[in-house]
Amino acid sequence: MFNKILIANRGEIALRVVRAAREMGIATVAVHSTADSDAMHVRMADESVCIGPPPSTQSYLSFPAIISACEITGAEAIHPGYGFLSENAEFVQIVEDHDITFIGPTAEHIRVMGDKITAKDTMKKLGVPCVPGSEGGVATLDEARQIGEDIGYPIIIKATAGGGGRGMKVAQNAQEMEKAFMTARAEGKSNFGNDEVYIEKYLTTPRHIEIQVFGDGKGGAVHLGERDCSLQRRHQKVFEEAPGPAISAEERATIGKVCADAVARINYIGAGTIEFLYEKGEFYFIEMNTRLQVEHPVTEAIFGVDLVREQIRVASGMEMSFTQEDLQINGHAIEVRINAEKLPNFSPCPGRITQYHAPGGLGVRMDSALYDGYSIPPYYDSLIGKLIVHGRDRPEALARLHRALGELIVDGVDTTVPLFHALLEEDEVLSGAYNIHWLEHWLETNLNQS
Ligand code: ADP
């Protein structure tokens, strides 16, 4: 096992990794930009290294700064958290070249899954069901129009290098094809340096269901059921739950096995998430994330396992601590993402926290790096906390969420907390009868977004 690991991230996820490492008796090194000198992850880690100025390109994304921080502190492994360098194959290669262990999958797995066309092709060959669409990339508008005719409108055009909800455009009919095609290409080029796009059938009432998988890197893998992340704004998740209210035990076992078998066959190592759209009882693969997800705590809650601990274990060469048979679902868990954003437009709202009080009690987990007097810097993601509740069943989890949100105090900045209070009044949320478009419609009618 490692003696010391470096965490190449910030905020709540850096703290999350510190906690797992400390329970394992592993020392931690935090890295931070000059904007984060007073951040909680810096205070909580055993050591810290300043790696550069505020812009993440010069700090949290800087390969030389992070590798040097490892060399200086003698850290043997790097945990990337999510975002930043967590899915950067080039970085992983460089880490390995320096004889440092990357706590995550291999550079090759990241490369294959990071390109959505290659990922889809690979998954199809591994027996995973996919959304109908183009075979590979679509180079010309004429070709795009032909595919639109063949699979039928509406369609969605996606940048193969896309992520975070960017580089995707919907065309409802042939007339909208040209604009959608050109825009998706341009967004792919400007955001990800790659203008290759592909086309999928646009599903009109699906749920977003993702399967958590975990591989030992030696041909063994398990699944940890699904998370339903259908409540989304601009293709970004805001509320996640496990198990999925619409998924039966039989469906879970079937799709879970398909996913575990697929990753076992490619000797996948560590945590991964296979994302699907689910409509009328069918699963359609959309992408695989080769890292820990923001919403991993709902899975941890219902299975009673620590996924970060498990990532560190397998990265160090140890066996996984559970088998598929050990993994039994206990109750229901919900996570809400608390962002420093001002409603109704969700504009980022950095600033000083004048008062912070985290909720507590049975079945409540607050993953956050906030503290009284902390100043949220304007340079990074607006996620400031995740509130996760666990109950014996869904109604109990919902009641607990309501109660915990009432206890939470975050003063000084605007947050998305009022959104969750409002959502907990809605029948569709209470009954779980929502799909990926429900929240957008709700926001239009209830918040009069501009
Ligand atoms: P990203 O990598 O940007 O997160 P994904 O491919 O994972 O992109 O898709 C993100 C979200 O976009 C999905 O959860 C879903 O809401 C929507 N989406 C993606 N593909 C389709 C599709 N074929 N039909 C309908 N919605 C889709």
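A salt bridge (a side-chain nitrogen of Lys or Arg within 4 Å of a carboxyl oxygen of Asp or Glu) is formed by Glu12 and Lys386, with the closest N and O atoms 3.0 Å apart. Glu12 belongs to helix α1 (residues 11-23) and Lys386 to strand β21, so the pair ties together parts that are 374 residues apart in sequence. Helices (H or I, at least four residues) and strands (E, at least two) are DSSP runs, numbered from the N terminus. Glu12 is buried, at 6% relative accessible area, and Lys386 is buried at 0%. Buried stands for under 20% relative accessible area, exposed for over 50%, and partly exposed for values in between (1.4 Å probe, protein chains only).

The model is predicted, and local features need pLDDT of at least 70, side-chain atom pairs count only at pLDDT 80 or more, and totals for chains, interfaces and linings use all residues. Residues are numbered from 1 along each chain as its sequence is written, and side-chain values use heavy atoms, with hydrogens and water left out.

Strand β21 (residues 383-391) is joined to β19 by 5 bridges, and the two run antiparallel. Within β21, Lys386 is the bridge partner of Asp367. Two strands are taken as paired if DSSP finds at least two bridges between them. An open sheet of 8 strands, with antiparallel pairing, has the order β13-β12-β9-β10-β11-β14-β21-β19. At its edges stand β13 (282-289) and β19 (364-368), each with a single partner strand, so one side of each is left without a neighbour in the sheet. From one strand to the next, the twist averages 25 degrees.

Helix α11 (residues 307-315) lies across β9 (207-216), β10 (221-233) and β12 (269-279), and runs at about 35 degrees to β9. Contact means heavy atoms within 4.5 Å; axes are lines fitted to C-alpha atoms, for helices over the stretch in contact, and angles run from 0 to 180 degrees between N-to-C directions.

The count of salt bridges comes to 32. One of them joins the side chains of Glu210 and Arg227 (2.7 Å, N to O). Glu210 is in strand β9 and Arg227 in strand β10, so this pair ties together parts 17 residues apart in sequence. Both Glu210 and Arg227 are buried. Through shared partners, salt bridges join Glu210, Arg227, Lys237, Glu240, Glu275, Glu295 and Arg337 into one network.

A further salt bridge links Glu178 and Arg145, with 3.7 Å between the closest N and O atoms. Glu178 is in helix α8 (residues 174-192) and Arg145 in helix α7 (residues 141-151), 33 residues apart. Glu178 is partly exposed at 40% relative accessibility, and Arg145 is partly exposed at 34%.
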